[in-house]
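Biologist: I'm new to this one. Could you walk me through how to read it?

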Amino acid sequence: MTAQAEVRHLSDVAARHVLAKHGTDTGRRTGWLMISTILIEAWDLYAISFLLLFVKEDLHPSASMLGLASAAVQLGALIGAVCGGWFADRFGRRKVFITTMVLFVILALAQGFANSMWELVIIRFLLGLPLGSDISTGYTYIMETMPKGKREVMGNRWQGMFGLGEIAAIAVITAMYLGGMDHSLLWRVGLALGAVPALVLLIGRLDVPDTALWLIQRGKFKQAKTVAKKMFDDDLPMLPDEDFAMERPRTRDFLAGIRRDPVRRRASIFAWISNAMQGAEFAAFAFYLPVILVLTGVSGIGATNFITGAIYVLATVSGFVAPAVTPKLGHRGIARWGFGMSFVSLLLAALFLHLDWKVLVPFAAAGLMWGHYWAASNGMTIASMVAPSRYKATASGFGYVFVKLAAFVTIFLFPVLFENLGVPLATVIVSVLSLTGYLAATYVLPEVYGYVEQEDEDAGGKDAGKDAGNEGGAAGGGSGGASGGAKSLAEEGS
């Protein structure tokens, strides 16, 4: 065995060791800091859906231009997810998340000073770059600093955090509206306020180091030992007390590493499908819900804010219930229940709108959001969890691309769709997305709760597949319940 091969072998052994370790309070704190990024995205994404009426009143855009202003951040996040994940794998997690938070603070504030629709579109596109980058890096931190069982529960909390951000946006914007703030100032302040939570998170993350796993894979063994001791109370005795220069992994091998193992491949394909379907279903009906309620005469602006606020309080509860029951239902169960509820609720919403049963539309919307928050909870978790550690940030970013591409296309096109086809028929079309997610969870996704991926490039695929298959195989053939192996891992993780 050559010296380089021996160092790589030691690195792989240490990586497997870290992935199977229990965490410490430091690791849990890091996980919460990273999942809190979703609050920022939720504010920016949902605040503008409440502010579109005021933007339209002030800048007089066309319908397509209004859709572009809403969707531009999604396109930027798509690019940011890919580039940010690649940068994080190549240059380190810490450098990327510090840079992205600084950029987000600056660009969020800049939105409030836009003088035209094109300026707003460009700023929101640029804002999406750090937003997408930080999501991919944040999920990588969660998967690399927390123990099995707990890391996926934390990852599945992203919809709960999203709901908290939405509720905050609704509450603040409603308070400004009821307080009589000038409408041309209201939308500027509403968008610029996204810089506040970003600044708080930036300050909270300043002392977070690179992950032990990334340092191990780069041969930075001395620093890896220090970080592992802090995160896992383990100083990695199998590693030497000196650093080694190691060959960088080739990014083009990322998809090959996923394709080699059947469990990893099927889980990744499901994650990509799930991310696209949930991103599109939300970006259509749910994103435009305030506009739909007003334009269809269900409620006025003030009442709409209270109705949607109540719906998102319920959705936030759903977002925290999903990770809590993940150990019991498994990833397949969460996805099937979530997409199934979304599908039925969208069909009911279309029926109520068609029959002009306006009083029932908010109830259908509430059912949609409960289901959506379950369906959307684990796509990013699975994409990040099953990926080879050498490419984990790249895999997180790649998975997030499907969310943002679907959201960009849908946010941009849905106003045109319901303007030409009517809201009921457009809603029926959106329901097909939820049905697709349900079918993917049923026929594509193997149960991967408690999955621990193996790092060895030659044997890793077999070992990883065996590990996940043994722990979750029973659930793979069921209708949603996790296997006994998954349950034992949940007990071990807790």
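Modeller: Gladly! Accessible areas come from the Shrake-Rupley method with a 1.4 Å probe, and for residues only the protein chains shown count as cover. Here the accessible surface of the protein chain is about 17600 Å², with 67% of that belonging to carbon and sulfur atoms. This is a predicted model, where local features need pLDDT of at least 70 and side-chain atom pairs count only at pLDDT 80 or more, while totals for chains, interfaces and linings use all residues. Residues are numbered from 1 along each chain as its sequence is written, and side-chain values use heavy atoms, with hydrogens and water left out.

Biologist: How many helices and strands are in the protein chain?

Modeller: Helices (H or I, at least four residues) and strands (E, at least two) are DSSP runs, numbered from the N terminus. The protein chain has 22 helices and zero strands.

Biologist: Which residues of α12 are buried?

Modeller: Buried means under 20% relative accessible area, exposed over 50%, and partly exposed in between (1.4 Å probe, protein chains only). An α-helix has 3.6 residues a turn, so residues three or four places apart point the same way. In α12, the buried residues are F221, A224, K225, V227, A228, M231 and F232. After α12 comes D233, with a positive phi near 55°.

Biologist: And D134: buried or exposed?

Modeller: D134 counts as buried because its relative accessibility is 1%. D134 sits in helix α6 (residues 117-145). A polar contact is a pair of N or O atoms within 3.5 Å; within protein, one must be able to donate a hydrogen and the other to accept it, and residues adjacent in sequence count only if both atoms are side-chain atoms. The D134 side chain makes one with the side chain of T100, at 3.1 Å.
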